[in-house]
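Hello,

Here is the structure I promised to pass on to you. Please have a look at it first, and then read my notes below.

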Amino acid sequence: MLDYAVSFPRFWFALAAATFIFCGVQHLFSKRREYALEFLFSILLLYAGIVANSSFPWLKLAYFPFIITMTRFYSLNIIVPLSVLVPFSELRTFVITRENVTSEVAFSLFLVLTSVVASFIFSRLRTEKAEVSEELEKIKAKARDRTLDTEMASLGSDEIISHYFASR
């Protein structure tokens with residue numbers, strides 16, 4: 001029961017794919033990015049099944065780039081709970097033994113810390129981008145006002161070309 005993805009892989013992946021499709025449709029058709037946590041967790045469930053069925057335990061480290069990549073598109077309110085839910089995507093981590101307790105706690109802690117740091121970095125970049133865009137709009141507005149104040153007449157392209165050839 002604890003290694004359901006390994007014991008019954010066809011059923012596991014069919015159920016995980018159906019969950020992914022269902023949550024993906026709900027997420028894409030919602031107006032306000034609702035169901036984002038469910039959609040991202042369904043992706044993590046698929047990935048947890050792949051990790052459980054493979055003989056490569058180091059594949060578990062790919063959660064880090066996934067979480068960092070998702071901070072580009074989602075806010076801190078989605079990413080931090082998602083990173084907290086990652087250990088729950090593998091049912092065998094519920095069985096606490098002396099061998100795996102420190103590694104699972106360290107993995108979970110560093111994944112949460114990574115998601116918090118990446119979310120803060122991206123939120124700061126978003127605010128800086130908004131400030132720069134706002135400042136650029138102010139500069140453009142001042143330039144438009146200045147051209148209206150001086151009432152400079154714009155020359156047509158034919159006039160510019162004829163003035164250019166006349167000066168030669």
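What follows is a short tour, from the whole chain down to two residues.

Please keep in mind that this is a predicted model.

Let me start with the overall picture. The chain is built from seven helices and has zero strands, so its elements, read from the N terminus, run α-α-α-α-α-α-α. It has 168 residues, and 26% of them count as buried. Taking the contacts with a separation of 6 or more, 67% join residues 24 or more positions apart. The accessible surface amounts to about 12,200 Å², with 68% of it belonging to carbon and sulfur atoms.

Ile 21, Val 25, Leu 28 and Phe 29 make a nonpolar surface patch of about 470 Å². One of these residues, Val 25, sits in helix H2, which covers residues 9-29. Its relative accessible area is 41%, so Val 25 counts as partly exposed.

Now for Ser 83, which belongs to helix H5 (residues 76-85). Is Ser 83 buried or exposed? Ser 83 is buried, because its relative accessible area is 1%, and the cut-off for buried is under 20%. Apart from neighbours within four places in sequence, Ser 83 is in contact with Ile 67, Leu 111, Val 112 and Ser 115. With Ser 115 there is also a polar contact between the two side chains, at 3.0 Å.

I hope this helps you find your way around. Enjoy exploring!

Best wishes

Note on methods. Residues numbered from 1 in each chain as written. Predicted model: local features only at pLDDT ≥ 70, side-chain atom pairs only at ≥ 80, totals over all residues. Heavy atoms only, no water. Helix = DSSP H or I, 4+ residues; strand = E, 2+ residues; numbered from the N terminus. Buried < 20%, exposed > 50% of the residue type's maximum accessible area, 1.4 Å probe, protein only. Contact = heavy atoms within 4.5 Å. Areas by Shrake-Rupley, 256 points an atom, 1.4 Å probe, with all protein chains shown as cover. Patch = residues over 30% accessible without salt bridge, like charges linked within 9 Å, V, L, I, M, F, W, Y side chains within 5 Å. Salt bridge = Lys/Arg side-chain N within 4 Å of Asp/Glu carboxyl O. Polar contact = N/O pair within 3.5 Å; in protein donor to acceptor, adjacent residues only side chain to side chain.
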